[in-house]
Amino acid sequence: MKIGILSRNRRLYSTKRLIEAAKQRGHEVTTIDCLKCYMDITSTKPAVWYKGEKLEGYDAVIPRIGASITSYGTAVIRQFEMMGVYCLTESVALGRSRDKLRALQLLSRKGVGMPITGFANHLDNTKDLIKLVRGAPLVIKLLEGTQGRGVVLAETAKAAESVIDAFRELDANFLVQEFIKEAGGSDVRCFVIGNKVVAAMERTAQAGEFRSNLHRGGVANLTKLTPAERKTAINAAQTLGLKVSGVDILRSSRGPLVMEVNSSPGLEGIEKATNKDVAGAIIEFIEENAKPNQTRTRGKG
């Protein structure tokens with residue numbers, strides 16, 4: 001197969017591992033910086049050009065699109081879809097996952113467990129918003145934040161009001177969520193491929209920190225999932241239409257609660273914590289499923 005990896009840096013761990021896994025299985029693989037792509041969207045034969053050459057003959061594309069380039073990256077994926085190329089992460093699914101509010105609304109509609117979440121626009125709603133999520137302590141999240149950035153724990157109602165009002169003064173979009181105390185500063189990253197959880201790790205925040213992201217100094221260890229956690233992770237991924245995703249779950253007294261669904265999950269933490277060949281599993285999934293003109297989530301919201 002001829003496989004393209006949409007990545008801005010071929011030296012990143014995840015990109016390197018995907019290249020290795022694809023080559024080990026005898027596939028031709030190239031790395032494509034999507035920001036350097038340009039598109040012919042007016043002709044009867046849609047095309048993507050890269051460094052003066054027309055990209056042709058690809059059987060599959062693996063998008064590794066960073067949050068800062070979501071808009072253009074989505075357009076490039078959409079163009080490949082128009083060309084009939086199999087895209088591991090489809091354009092609609094990427095858009096859903098990157099819009100945190102939309103993603104949570106879709107998960108809620110499907111009955112997937114989540115922390116109580118509030119969203120409002122007007123300053124007069126601040127106290128009501130805090131009540132909605134059962135008061136302080138509570139978590140305030142910027143909609144545009146990634147890797148734990150823009151996430152604040154407010155331990156008192158007064159602190160919550162101050163942070164909310166400050167975010168509003170900056171015209172920032174944010175969510176307010178209940179704080180799941182019993183999670184103890186830990187969450188579970190479930191790596192979902194197709195309809196299976198292929199690997200899972202528990203991430204624990206460092207002392208004095210409540211965010212468990214590995215980029216924030218969190219520690220990852222192998223963990224065993226309950227049937228409910230496995231089912232929740234798969235349901236969350238499929239609700240957003242993602243074939244590959246990292247589903248972050250909190251272990252609460254009322255069962256597993258989905259925090260976030262990541263459409264471009266990193267491979268380093270999960271492979272090192274679980275000692276599993278996740279990159280190989282991704283390539284194997286492509287081998288089994290890559291067929292032309294197979295965009296499934298198109299037009300479904």
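**Notes on the annotated site and the salt bridges**

1. Glu260 is partly exposed, with a relative accessible area of 32% (buried means under 20%, exposed over 50%, partly exposed in between, with a 1.4 Å probe and protein chains only). Its place is in strand β16, residues 255-262 (helices, H or I, of at least four residues and strands, E, of at least two are DSSP runs numbered from the N terminus). Leaving aside neighbours within four places in sequence, Glu260 is in contact with Lys100, Gly246, Val247 and Asp248 (contact means heavy atoms within 4.5 Å).

2. On provenance: this is a predicted model, where local features need pLDDT of at least 70 and side-chain atom pairs count only at pLDDT 80 or more, while totals for chains, interfaces and linings use all residues. Residues are numbered from 1 along each chain as its sequence is written, and side-chain values use heavy atoms, with hydrogens and water left out.

3. An unreviewed UniProt entry lists Asp248 and Glu260 under "binding site". UniProt positions are given in the numbering used here, feature names are shortened, and annotations may be inferred rather than shown by experiment.

4. Asp248 is found in strand β15, residues 244-252. Asp248 is buried, with a relative accessible area of 5%. Leaving aside neighbours within four places in sequence, the residues in contact with Asp248 include Asp187, Val188, Leu257 and Glu260. The Asp248 side chain makes polar contacts with the side chains of Arg189 (2.5 Å) and Arg203 (3.2 Å). A polar contact is a pair of N or O atoms within 3.5 Å; within protein, one must be able to donate a hydrogen and the other to accept it, and residues adjacent in sequence count only if both atoms are side-chain atoms.

5. For the chain as a whole, there are nine helices and 16 strands. The radius of gyration is 20 Å, close to the 19 Å that the globule rule gives for 301 residues, so the chain is as compact as a globular protein of that length (the radius is taken over C-alpha atoms, and the rule is 2.2 Å times the number of residues to the power 0.38). Buried residues make up 50% of the 301 residues. Of the contacts between residues at least 6 apart in sequence, 67% join residues at least 24 apart.

6. A search of the whole structure finds 15 salt bridges (a side-chain nitrogen of Lys or Arg within 4 Å of a carboxyl oxygen of Asp or Glu). One of them joins the side chains of Arg17 and Glu271 (2.8 Å, N to O). This pair links distant parts of the chain, with Arg17 in helix α1 (residues 13-24) and Glu271 in helix α8 (residues 268-274), 254 residues apart. Both Arg17 and Glu271 are buried. A network of salt bridges links Arg17, Glu20, Arg25, Glu271 and Asp277.

7. Lys243 and Glu90 also meet through their side chains in a salt bridge (2.8 Å, N to O). Lys243 sits in the loop between α7 (227-240) and β15, and Glu90 in the loop between β7 (86-87) and α3 (91-98), 153 residues apart. Lys243 is buried at a relative accessible area of 12%, and Glu90 is buried at 3%.

8. Glu202 forms a salt bridge with Arg251, the closest N and O atoms being 3.3 Å apart. Glu202 lies in strand β13 (residues 196-204) and Arg251 in strand β15, so the pair ties together parts that are 49 residues apart in sequence. Glu202 is partly exposed, at 26% relative accessible area, and Arg251 is partly exposed at 27%.
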